[in-house]
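Have the sequence and the 3D view open as you read.

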Amino acid sequence: MNLTKYERRPSREVRIGRVVIGGDRPIAVQSMTNTDTKDTEACIRQIERIFRAGGPIVRLTAQGRREGENLERIVRRLREEGCDAAVVADIHFVPEVAAIAAKYVDKVRINPGNYNSSHGEFEALIDQCRERGVAIRIGVNHGSLSKRVFDEWGDTPEGMVASAMEFLRVCREKAFDQVVVSMKSSNTRVMVAAYRLLVEAMEREGMDYPLHLGVTEAGNGIEGRIKSAVGIGALLADGIGDTIRVS
């Protein structure tokens, strides 16, 4: 039998709280709460259950200022209770909330589609995260590319890659390397193509940032499990991926 040797894509290490991903580290499994981020108690209980089940990284949504500010209470209570889960804030629509969340969490996920072309706000976030040791995930979403990227590339994997590379270059110019990248889509073909193209683009420019894999809104039940297995599994088989989350 002729078996092909598995080779994992080389990537740099990125620290998220007490968790390190990339390099030779095991591929980290993470999850996301489905509780109201303003409900401190419910979030804490769910984060602790995820952590005990083997998910060392847990993401919470932060749609607005109130959710962002309540992350302080959630993280403080978790640490008081001895839970070392790495806490990630998912910034959906309002870039200003990223600056609030970065005061409390271990990693902030931003969507490039929500930032203007001047990059000033993103550069300020990098400076803040560097000071606290907070990682950043550049989370490109197939359904929310910026207008200028969409006008040039359309709703395509190539457009997703262009969006990610624009922000990765800013990180490199700022000498900030605690960066993770994701290319999310509910269409598994688009998702897989975007990640493969991104790896090629990063290699051309000498970048080795770790990758977060996931299929957005995969759905419930068997359909969701199949979509996630197909999308994530195809990339893992390529040696691509440093942390995964099933939506």
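## How α1 meets α2

Helices α1 and α2 are oblique to each other, a label for angles that are not under 35 degrees (roughly parallel), over 145 (roughly antiparallel) or 65 to 115 (roughly perpendicular). Here α1 (residues 40–52) and α2 (residues 65–80) pack at about 45°, and their axes are 10 Å apart. An axis is a line fitted to C-alpha atoms, for helices over the stretch in contact, and the angle runs from 0 to 180 degrees between N-to-C directions. Helices here are DSSP runs (H or I, at least four residues), strands are runs of E with at least two, and both are numbered from the N terminus.

On the α1 side, T40, E41, C43, I44, R45, I47 and E48 take part, and they meet N70, R73, I74, R77 and L78 of α2. Contact means heavy atoms within 4.5 Å. Sorted by class, this contact has five nonpolar, two polar and five charged residues. For the classes, Ala, Val, Leu, Ile, Met, Phe, Trp, Tyr, Cys and Pro count as nonpolar, Asp, Glu, Lys and Arg as charged, and the others, Gly among them, as polar.

Before going on, note that this is a predicted model, where local features need pLDDT of at least 70, side-chain atom pairs count only at pLDDT 80 or more, and totals for chains, interfaces and linings use all residues. Residues are numbered from 1 along each chain as its sequence is written, and side-chain values use heavy atoms, leaving out hydrogens and water.

## A closer look at α2

How far apart are the end C-alpha atoms of α2? They are 24 Å apart, which agrees with the 22 Å that its 16 residues should span at 1.5 Å a residue. The expected span is 1.5 Å times one less than the number of residues.

Several residues of α2 are buried, namely E67, G68, N70, L71, I74, V75 and L78. Buried means under 20% relative accessible area, exposed means over 50%, and partly exposed is in between (1.4 Å probe, protein chains only). The cover over these buried residues includes α1, β4 (57–62), β5 (86–91) and α3 (95–101).

R76 also sits in helix α2, but R76 is partly exposed, with a relative accessible area of 39%. Its C-alpha is 9.9 Å from that of V105, which is 29 residues away along the chain. Just after α2 comes G82, with a positive phi of about 80°.

Now for α7 (residues 188–204), a helix of 17 residues. From first C-alpha to last, α7 reaches 25 Å, close to the 24 Å expected. Its buried residues are T188, V190, M191, V192, A194, Y195, L198, V199, A201 and M202. Among the elements covering them are α6, β8, β9 (212–213) and α8 (221–237).

The axes of α7 and α8 come within 9 Å and cross at roughly 15°. That makes the two helices roughly parallel. As α7 passes α8, the crossing is right-handed. T188, M191, V192, Y195 and R196 of α7 make the contact with K227, V230, G231, I232, A234 and L235 of α8. By class, that is seven nonpolar, two polar and two charged residues.

## α4 against α6

What angle do α4 (residues 120–132) and α6 make as they pack? It is about 50°, with the axes 11 Å apart, so α4 and α6 are oblique to each other. This crossing is right-handed too. F122, E123 and I126 of α4 touch F167, V170 and C171 of α6. The contact divides into five nonpolar residues, no polar ones and one charged.

## Two loop residues

Is A175 buried or exposed? It counts as exposed, at 60% relative accessibility. A175 lies in the loop between α6 (157–173) and β8 (179–184), and its phi is positive, near 55°, although A175 is not a glycine.

P210, in the loop between α7 and β9, counts as buried at 0% relative accessibility. Beyond its neighbours within four places in sequence, its contacts include R9, S11, V179 and D242. P210 and R9 are 201 residues apart in sequence, yet 9.0 Å apart in space, C-alpha to C-alpha.

Key: A crossing is left-handed if the near helix is turned anticlockwise from the far one by less than a right angle, and right-handed if clockwise.
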